[in-house]
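Here is a short report for someone meeting this structure for the first time. Please look over the sequence and the model before reading on.

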Amino acid sequence: MIVSSTYYASAKYRSIKPELEQLQPDIHSCPVCLQMANLITRDDVIPAFTEHCRVCNQVEHYLSVPCPGCEQETRLDEGDEPFSCIHCGHTADRYDLVDEDDSLPEDYHPGNTPAGCSQCDGYDTVCQYASGYLCTQCLHFTETLGCCDYCSYSSTTVSEYSSMCGCDFCDGHPETWDLYDD
Ligand SMILES: [Zn+2]
Ligand SMILES: [Zn+2]
Ligand SMILES: [Zn+2]
Ligand SMILES: [Zn+2]
């Protein structure tokens, strides 16, 4: 089983090698199939990375964050596991680690975070980050948040008809409910 999948991976690797050579130096070894076919791309705006292996199609998203314990850049993988530093073992809540909201409770603040993420249906997973908002669960970054006119909850995608249809986190006005029934 392992022999045949390794065989398959190296055959596939040979077939796409010319294409991969164009993409140097962003190609690294894949932790799953061990081929030099793992393309790492960085988001244009924030230090978020996507690894996509062209041989086995393994995809990983992660954010590079300075560890509060040892200050080394550490990888925070997408998901809902708490942050745990591979260098010093420091652990932290994902949201607290990434959130850059430094307003004080006594400041006037519209208070649109924590917000909801329409990409992963995360409730209260979106924090303030860099010039916008970042979902601490799926690492989706957006410049702006919407606010639902029906339930007043902020999230990454809100329809312009939210006063009737609601958002991903509420059902909207009861008058609209039967519109979706067959
Ligand atoms: Zn792979
Ligand atoms: Zn650390
Ligand atoms: Zn999300
Ligand atoms: Zn809503």
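## Zinc ion (ligand 1)

How are the donor residues of the zinc ion (ligand 1) spaced in sequence? The pattern is C-x2-C-x19-C-x2-C. This is a predicted model. The zinc ion (ligand 1) is held by the SG atoms of Cys 30, Cys 33, Cys 53 and Cys 56, at 2.3 Å. The four donor atoms make angles of 106 to 117°, and the site is tetrahedral.

Cys 30 and Cys 53 link distant parts of the chain, 23 residues apart. Cys 30 sits in the loop between strand E1 (27-28) and strand E2 (38-42). Cys 53 belongs to strand E3 (residues 48-53).

## Zinc ion (ligand 3)

The zinc ion (ligand 3) has Cys 117, Cys 120, Cys 135 and Cys 138 as its protein donors. Each gives its SG atom, and the distance is 2.3 Å. Why is the arrangement around the zinc ion (ligand 3) tetrahedral? It is tetrahedral because the four donor atoms subtend angles of 107 to 112°; for four donors, all angles must lie between 85 and 135 degrees.

The donor spacing along the sequence is C-x2-C-x14-C-x2-C. Cys 120 and Cys 135 connect distant parts of the chain, 15 residues apart. Cys 120 lies in the loop between strand E8 (115-117) and strand E9 (122-129), and Cys 135 in strand E10 (residues 132-135). Cys 120 is partly exposed, at 25% relative accessible area. Cys 135 has 0% relative accessibility, so it counts as buried.

## Zinc ion (ligand 4)

Which residues are the protein donors of the zinc ion (ligand 4)? They are Cys 148, Cys 151, Cys 167 and Cys 170, each through SG. Their distances from the ion are 2.3 to 2.4 Å. The site is tetrahedral, with angles of 105 to 112° among the four donor atoms. Along the chain the donors follow C-x2-C-x15-C-x2-C.

Cys 148 and Cys 167 join distant parts of the chain, 19 residues apart. Cys 148 is in the loop between strand E12 (146-147) and strand E13 (154-155). Cys 167 is in the segment after helix H3 (162-165). Cys 148 is buried, at 2% relative accessibility. Cys 167 is buried as well, with a relative accessible area of 10%.

## The largest pocket

The largest pocket has a volume of about 180 Å³. Its lining includes Thr 41, Arg 42, Asp 43, Phe 49, His 61 and Tyr 62. Cys 138, Leu 139, His 140 and Phe 141 are also among the lining residues.

Which elements give two or more residues to the lining? They are E2, E3 and strand E4 (59-66). E3 provides the largest share, three residues. The lining divides into six nonpolar, four polar and two charged residues. It draws at least three residues from each of domain 1 (2-98) and domain 2 (115-180).

## Two pairs across the sequence

Tyr 13 lies in helix H1 (residues 2-22). It is buried, at 18% relative accessibility. Tyr 13 and Val 55 are 42 residues apart in sequence, and their C-alpha atoms are 6.0 Å apart.

Thr 74 lies in strand E5 (residues 73-77) and is buried, with a relative accessible area of 3%. Thr 74 and Gly 122 are 48 residues apart along the chain, and 23 Å separates their C-alpha atoms.

## Backbone details

Where are the cis peptide bonds? One joins Gln 24 and Pro 25, with omega about 5°. Pro 25 is in the loop between H1 and E1. Another joins Thr 113 and Pro 114, with omega about -5°. Pro 114 is in the loop between helix H2 (94-98) and E8.

Asp 121 has a positive phi, near 60°, though it is not glycine. It sits in the loop between E8 and E9 and is exposed, at 56% relative accessible area. Asp 124 also has phi near 60°. Asp 124 lies in strand E9 and is partly exposed, with a relative accessible area of 30%.

Technical notes: Residues numbered from 1 in each chain as written. Chains lettered and ligands numbered in written order. Predicted model: local features only at pLDDT ≥ 70, side-chain atom pairs only at ≥ 80, totals over all residues. Heavy atoms only, no water. Donors = N, O, S within 2.8 Å, 3.2 Å for Na, K, Ca; no water. Tetrahedral: all angles 85-135°; square planar, octahedral: opposite > 155°, others 65-115°. Helix = DSSP H or I, 4+ residues; strand = E, 2+ residues; numbered from the N terminus. Buried < 20%, exposed > 50% of the residue type's maximum accessible area, 1.4 Å probe, protein only. 1 Å grid on protein atoms, 1.4 Å probe; cavity = no way out; pocket = protein on both sides within 12 Å on 5 of 7 lines; lining within 4 Å. Points joined across faces, edges and corners; volume = space filled by probe spheres on them. Nonpolar A, V, L, I, M, F, W, Y, C, P; charged D, E, K, R; others polar. Domains from an automatic or database assignment.
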